[in-house]
Each structure stands twice: as C-alpha cells, then as structure tokens.
Amino acid sequence: MRFTFKTSGPWLLGFLVLALAACAFHLAPTSATASEGDEKAKALATELLTKGAALYDTYNASAMAATYTDNSEIHLVLRDQSTGKYATQDSRGRTAIEKLYHDLFEGKSNTKSKNVVESAHFVGDDLLIIHGTFAPDVATNSKIPFVQVRVREGESWKIMSLQLFVVNE
C-alpha cells in the first residue's frame, strides 16, 4: 500500500501555523526562565566583581587569595610581543595564587581597576560562569578578557578557576 502526502494546499498553511504555535507555547516558559536566571546570574556576578575590583585596588595579595578556593587555578594566556606566539602560565592552589598577586602588586600604587560582566550563567545552584573584561588601571584603557568560574561555599562565592587572556593587539 502506498501513502501519498500532499505538500501544498490550504491545509498545509494551517498545519504550519498550528505547529509553530505549539512550539512557541512550549518554548516560551523555558526561554523566560533561562533569561530570568541569566539576569540574576549577571546581577550577582556584577556585585561580586565590583567588590573584587575594589579589593584588587588595595594591593592585598592575601585578601585576594582568600577569594579563591583551596584548589583553585589561574590560567594565563599570553602573547609574546616579539614573536607573536602564544604561551600559557598556570598558578594552582591558594598559596601559588597569593604569590602571583604579591608579585603583580609589587611597586604598584594609586590605580583604579574595573570589571565588566559581559555575560553570566548559573550551572545548577552552586556554580556560576562569568565572561567579562578586567581593566587593571582604567586610566590606561587596557582591558583583559576573562572567564571566571565561581562555586558557592556557604554564603560566599569563591573563584575556582580564572582564565585571563593577556594578548594585547
């Protein structure tokens, strides 16, 4: 037995309208919920990173390291200015991260930093992924893209992973 299916006619238009309406009805609550969650994530990320920039401006390596988990990591992607080649540098664990900040802060004073959150997303209730840029000194107009992963520990959100892309063009 052979079944033939008409691919034209007024019934097809009606079917397509009904199918699209069903899809829109099904997807609308999910999209609104996802959008609402992303707005909450971005608001939280903005709050955390505003406080983080203010803390950075104190040049207190120990206080900066305290915002990280015990087993956290910083992954720097760097570009060699003379060769144009990329290299990476990793710091793992709170002690190594404190040393990284100590070395970074040596000789610095009177700068104002700023973080800008481009997007943020919750993964479950206790994991937050943030994409943004960091200006270590707003007077220089230098911006460093980053991806940060934060995990909730009690009432605080600690940095578990930070990737910085220091690749000035």
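## Residue classes and model

In the classification used here, Ala, Val, Leu, Ile, Met, Phe, Trp, Tyr, Cys and Pro count as nonpolar, Asp, Glu, Lys and Arg as charged, and the others, Gly among them, as polar. The structure is a predicted model.

## Overall architecture

The protein contains three helices and six strands. Along the sequence these elements follow the order α-α-β-β-α-β-β-β-β.

Of the 169 residues in the protein, 30% are buried. Among contacts with a separation of 6 or more, 50% join residues 24 or more positions apart. The accessible surface of the protein is about 11,300 Å², and carbon and sulfur atoms account for 60% of that area.

## The largest pocket

The largest pocket has a volume of about 740 Å³. Its lining consists of 35 residues, and those nearest the centre of the pocket are Tyr56, Met64, Tyr68, Tyr101 and Leu162. Two or more lining residues come from each of helix H1 (10-56), strand E1 (68-79), helix H3 (94-105), strand E5 (144-153) and strand E6 (156-166). H1 provides the largest share of the lining, with nine residues.

By class, the lining of the largest pocket comprises 24 nonpolar, six polar and five charged residues. Under the classification given at the outset, Tyr, Met and Leu count as nonpolar, and residues of these types, Tyr56, Met64, Tyr68, Tyr101 and Leu162, lie nearest the centre of the pocket.

How values were computed. Residues are numbered from 1 along each chain as its sequence is written. This is a predicted model: local features need pLDDT of at least 70, side-chain atom pairs count only at pLDDT 80 or more; totals for chains, interfaces and linings use all residues. Side-chain values use heavy atoms; hydrogens and water are left out. Helices (H or I, at least four residues) and strands (E, at least two) are DSSP runs, numbered from the N terminus. Buried means under 20% relative accessible area, exposed over 50%, partly exposed in between (1.4 Å probe, protein chains only). Contact means heavy atoms within 4.5 Å. Accessible areas come from the Shrake-Rupley method with a 1.4 Å probe; for residues, only the protein chains shown count as cover. On a 1 Å grid over the protein atoms alone, a cavity is a set of points where a 1.4 Å probe fits but cannot get out, and a pocket is an open set with protein on both sides within 12 Å along at least five of seven lines; lining residues have an atom within 4 Å of a point. Grid points are joined across faces, edges and corners, and a volume is the space filled by probe spheres set on the points.
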